[in-house]
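Have the viewer open and work through each task before you read its solution.

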Amino acid sequence: MLTTSVSLPNIEAQIWRGKQRAILRFALRSLRVQLRCKPVRRGVKRSYNRTPATFVVVTTRFTGAEYDTLHMAAAAMRVSVSWLVYQMIQLWKKPARR
């Protein structure tokens, strides 16, 4: 397991701490949706969370495969891993997606 940190809005950080494994089960579906909506980009600046909320840094653990997958997808879409985790939480919160 690899230990790293992500920056999340306070409310989503609480959800992430309690439901991380359940949310990561939806990672493949979430990344598929994100790649469909936000295609691979080159030659542009990276975008970060711009939600008007209080952010906290959450220490989290990923398997090597999860870590590599999230970083590869984030690099391809030119977004931060924190933004991808935030989007996974948003997708997990939608009852229709479960």
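This is a predicted model: local features need pLDDT of at least 70, side-chain atom pairs count only at pLDDT 80 or more; totals for chains, interfaces and linings use all residues.

**Exercise 1. The layout**

Find how many helices and strands the protein has, and write down their pattern along the sequence.

Solution. Start by counting: there are 4 helices and 2 strands. Next, read along the sequence, and the pattern comes out as β-α-α-β-α-α. Then look at the contacts between residues at least 6 apart in sequence: 85% of them join residues at least 24 apart. Finish with the surface, where the protein exposes about 6000 Å², 54% of it supplied by carbon and sulfur atoms.

**Exercise 2. The nonpolar core**

Work out which residues of the largest nonpolar core touch the most other members, and which element gives the most to this core.

Solution. Take burial first: 38% of the 98 residues in the protein are buried. The largest nonpolar core has 24 residues, and those touching the most other members are Val 6, Leu 8, Trp 16, Leu 84, Val 85 and Met 88. Two or more residues each come from strand 1 (2-9), helix 1 (10-24), helix 2, strand 2 (55-62), helix 3 and helix 4. Helix 4 gives the most, with 8 residues. Now zoom in on Val 85: leaving aside residues up to four places away in sequence, Val 85 touches Val 6, Leu 8, Trp 16 and Phe 62. As background, nonpolar side chains tend to be buried together in soluble globular proteins.

**Exercise 3. Two helices in contact**

Describe how helix 2 (residues 27-37) and helix 4 cross, and name the residues that make the contact.

Solution. The two axes come within 10 Å and cross at roughly 110°. Angles of 65 to 115 degrees count as roughly perpendicular, so helix 2 is roughly perpendicular to helix 4. On the helix 2 side, the contact is made by Ala 27, Arg 29, Ser 30, Leu 31 and Gln 34. Helix 4 contributes Trp 83, Leu 84, Gln 87, Met 88 and Leu 91. Sorted by class, this contact has 6 nonpolar, 3 polar and 1 charged residues.

**Exercise 4. A backbone angle to check**

Locate Arg 78, then decide whether its phi is positive or negative and whether Arg 78 is buried, partly exposed or exposed.

Solution. Arg 78 sits in the loop between helix 3 (64-77) and helix 4 (81-93). Its phi is near 60°, a positive value in a residue other than glycine. For comparison, most residues other than glycine have a negative phi. Lastly, Arg 78 has a relative accessible area of 23%, so Arg 78 is partly exposed.

Technical notes
Residues are numbered from 1 along each chain as its sequence is written. Side-chain values use heavy atoms; hydrogens and water are left out. Buried means under 20% relative accessible area, exposed over 50%, partly exposed in between (1.4 Å probe, protein chains only). Axes are lines fitted to C-alpha atoms, for helices over the stretch in contact, and angles run from 0 to 180 degrees between N-to-C directions. Angles under 35 degrees count as roughly parallel, over 145 as roughly antiparallel, 65 to 115 as roughly perpendicular and the rest as oblique. Contact means heavy atoms within 4.5 Å. Ala, Val, Leu, Ile, Met, Phe, Trp, Tyr, Cys and Pro count as nonpolar, Asp, Glu, Lys and Arg as charged, and the others, Gly among them, as polar. Accessible areas come from the Shrake-Rupley method with a 1.4 Å probe; for residues, only the protein chains shown count as cover. A nonpolar core is a set of buried Ala, Val, Leu, Ile, Met, Phe, Trp, Tyr and Cys residues joined through side-chain atoms within 4.5 Å.
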